[in-house]
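Please read them with the structure open beside you.

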Amino acid sequence: MSIRHGLLALLERGPRYGSQLRTEFESRTGSTWPLNVGQVYTTLNRLERDGMVAQGGEDAAGHALYAITDSGRAELRTWFEKPVDRTSPARDELAIKLAMAVGASGVDIRDVIQSQRRHTVKAMQDYTRLKAQALIAVESGGARERDDVAWLLVLEQLIFQTEAEARWLDHCESRLIRLSATAADAGSATATTTRAATGGTPGGAAGDTAEASTATAPTGADTAPTRTAPPEAASPVAGAR
């Protein structure tokens, strides 16, 4: 998240002081990414050092005001025009957790997936409720309409993101089931080959056939995993679009 560019965008609307910028930033993003005043002033100091903002006096209450410079406006235009780089994706804690859970001692990765899925579905429902409130605010109009529209877009991005995460978790579970079934089938085939090579035991052919049949019986590997999500979760997300 680019705090510096967010502050530049707010300063383009006119001079602001630190806590005012923090309040407006959080209002525009619905406090999804809260800032503290220390972060704001640290960023302003760096922007001032880089010649993108300059202090421009004080307001009636004595707050030091910051104003965007021509260099800052050029930087802001470049930021708006340039696509967000996806070639070096940010670290995703959930992806790292599942990657480390594979083969970890004493960890049932399917339990990890189920727990995360419940949390993800609840987040989708919460975001959907907030979206309904944002839509009401936008449709009613008012002085904060621009902030309400911005918050609505952020919420919809969060809904799509959590919806994709839920689908990915389903995929991970299905993948693990298929791999487990493949490993079991390979083990069964190896055992059958070994018995055949050693001649087996009297009557072993029938026993081997029955055992192989049991080993290769359908295990549910090719069926979709049962979702633990509340049945109502799909409906609000579909409506979110």
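1. Helix 2 passes helix 3 in a right-handed crossing. This is read from a predicted model. The axes of helix 2 and helix 3 come within 9 Å and cross at roughly 110°. Angles from 65 to 115 degrees count as roughly perpendicular, and helix 2 and helix 3 are therefore roughly perpendicular to each other. On the side of helix 2, Gly18, Ser19, Leu21 and Arg22 make the contact; on the side of helix 3, they meet Val37, Val40, Tyr41 and Leu44.

2. Leu44 deserves a separate look. Leaving aside its neighbours within four places in sequence, Leu44 touches Leu7, Leu11, Gly18, Leu21, Val53 and Tyr66. Leu44 is also among the residues that touch the most other members of the largest nonpolar core, together with Leu7, Leu8, Leu11, Leu21, Val40 and Val53. This core has 16 residues. Two or more residues each are given to the core by helix 1 (3–11), helix 2 (18–29), helix 3 (37–49) and strand 2 (64–68). Helix 1 supplies the largest share, 5 residues. As background, nonpolar side chains in soluble globular proteins tend to be buried together.

3. How many of the 9 residues of helix 1 are buried? The count is 7, so helix 1 is largely enclosed by the rest of the structure. The buried residues of helix 1 are Ile3, His5, Gly6, Leu7, Leu8, Leu10 and Leu11. They pack against helix 2, helix 3, strand 1 (53–58), strand 2 and helix 4 (70–81).

4. The packing of helix 1 on helix 4 can be described in more detail. The angle between helix 1 and helix 4 is about 115°, and their axes are 10 Å apart. The crossing of helix 1 over helix 4 is left-handed. Helix 1 brings His5, Gly6, Leu8 and Ala9 to this contact, where they meet Gly72, Glu75, Leu76, Trp79 and Phe80 of helix 4.

5. Leaving aside its neighbours within four places in sequence, His5 is in contact with Glu75, Leu76 and Trp79. His5 and Arg73 are 68 residues apart along the chain, and their C-alpha atoms are separated by 9.9 Å.

6. Helix 5 (residues 93–101) and helix 6 (residues 109–140) meet at an angle of about 160°, with their axes 9 Å apart. Angles over 145 degrees count as roughly antiparallel, and helix 5 and helix 6 are therefore roughly antiparallel to each other. Their crossing is right-handed. Leu94, Lys97, Leu98 and Ala101 of helix 5 make the contact with Ile109, Val112, Ile113 and Gln116 of helix 6.

7. Last, the chain as a whole. The chain has 9 helices and 2 strands, and from the N terminus on the order is α-α-α-β-β-α-α-α-α-α-α. Of its 241 residues, 31% count as buried. The accessible surface of the chain is about 14,900 Å², and 56% of this belongs to carbon and sulfur atoms. Among contacts between residues at least 6 apart in sequence, 63% join residues at least 24 apart.

Notes: Residues numbered from 1 in each chain as written. Predicted model: local features only at pLDDT ≥ 70, side-chain atom pairs only at ≥ 80, totals over all residues. Heavy atoms only, no water. Core = buried A, V, L, I, M, F, W, Y, C linked by side-chain atoms within 4.5 Å. Buried < 20%, exposed > 50% of the residue type's maximum accessible area, 1.4 Å probe, protein only. Helix = DSSP H or I, 4+ residues; strand = E, 2+ residues; numbered from the N terminus. Contact = heavy atoms within 4.5 Å. Areas by Shrake-Rupley, 256 points an atom, 1.4 Å probe, with all protein chains shown as cover. Axes fitted to C-alpha atoms, helices over the stretch in contact; angles between N-to-C directions. Parallel < 35°, antiparallel > 145°, perpendicular 65-115°, else oblique. Left-handed = near helix turned anticlockwise from the far one by under 90°.
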